[in-house]
Amino acid sequence: MKSYEEQRFFLNCDLGSMQNVQTDQQKKLPQPPLEKPIANPDNLIDLPVPEDLVNPGKDLYEIINQRRSRRKYTAEAIDLEHLSFLLWCTQGVKKVFDRGGNKISLRTVPSAGARHPLETYLSVLHVEGLEQGIYRYCPLEHQLEFLHAVDELPNKTVDACLEQEFVGDSSVIFFWTAIPYRCEWRYAFMAAKLILLDAGHVCQNLYLAAEALCLGVCGIAAYAQEKSNELLKVDGEDEMVVYIASVGKL
Ligand SMILES: Cc1cc2nc3c(=O)[nH]c(=O)nc-3n(C[C@H](O)[C@H](O)[C@H](O)COP(=O)(O)O)c2cc1C
């Protein structure tokens, strides 16, 4: 367990405190990939194109003014079209280009140094056209990869969220993992702070996009770390859950 002093060092650390550190990028080590490799191309699912979504017509003032954390869901299925829009709003790729031999992606969310160190996993409980299971969003392809089925997925997901029962009535639960090296490659020990700042931007876009579609979201930091990592089958060393959000019909 880290002492408060160490945690406050983490909050205070800045680019100035990195002056004596040579980062892996400066050492010209290879850039880590923009997204996790697809494990099984046969399990890819095309998502509806986000620009085809019929605009529900709410304006930004209304969306921001109405946003709340919503925990009462009807446990009904949400449309795949809506899920596609939520994924695009939280990690969608708008442009990929080359800078000095390195690949940069620009997405619908900002990210320190455009490192985009987060991956999006879904625990799908009720989504039209999708089986229950664990999926990963592939932002470069705008596709979903089905990863694995889980017995009693609603219960296991609630369990991973420290028994917060409302999660079991949601339609889909977003789990954001960090791949720290994607950010450490450039920012060394400052990466952890930046990763968490990035996660806040991502979840805020989910809140606002869901509000536009009259869906409810609740950000979740009260979760069981090991159970969440196990549910997604991530190792907790090179990739770990950093934030969760439930999404459901109101
Ligand atoms: C980082 C973060 C973690 C949160 N974790 C939880 C959680 O585990 N469970 C929960 O019910 N709400 C959680 N919330 C929602 C807050 O309780 C909520 O944002 C706060 O009470 C203000 O309400 P509002 O979002 O409706 O304005 C979290 C919010 C944030 C930003």
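**Around the ligand**

I sorted the shell around the ligand by class and found four nonpolar, three polar and two charged residues, where Ala, Val, Leu, Ile, Met, Phe, Trp, Tyr, Cys and Pro count as nonpolar, Asp, Glu, Lys and Arg as charged, and the others, Gly among them, as polar. The residues are Arg 68, Ser 69, Arg 71, Gln 164, Cys 218, Gly 219, Ile 220, Ala 221 and Ala 222, each having its C-beta atom, placed from the backbone, within 6 Å of the ligand.

I note that this is a predicted model, in which local features need pLDDT of at least 70 and side-chain atom pairs count only at pLDDT 80 or more, while totals for chains, interfaces and linings use all residues. Residues are numbered from 1 along each chain as its sequence is written.

**Strand E5**

I found E5 antiparallel to strand E4 (residues 118-124), with four bridges joining them (pairing needs at least two DSSP bridges), and Leu 122 has Tyr 135 in E5 as its bridge partner. Five bridges join E5 to strand E6 (residues 143-148), also antiparallel, and Ile 134 stands opposite His 148 in E6. E5 and E6 form a hairpin with four residues between them, and His 142 in the turn has a positive phi of about 50 degrees.

How values were computed
Helix = DSSP H or I, 4+ residues; strand = E, 2+ residues; numbered from the N terminus.
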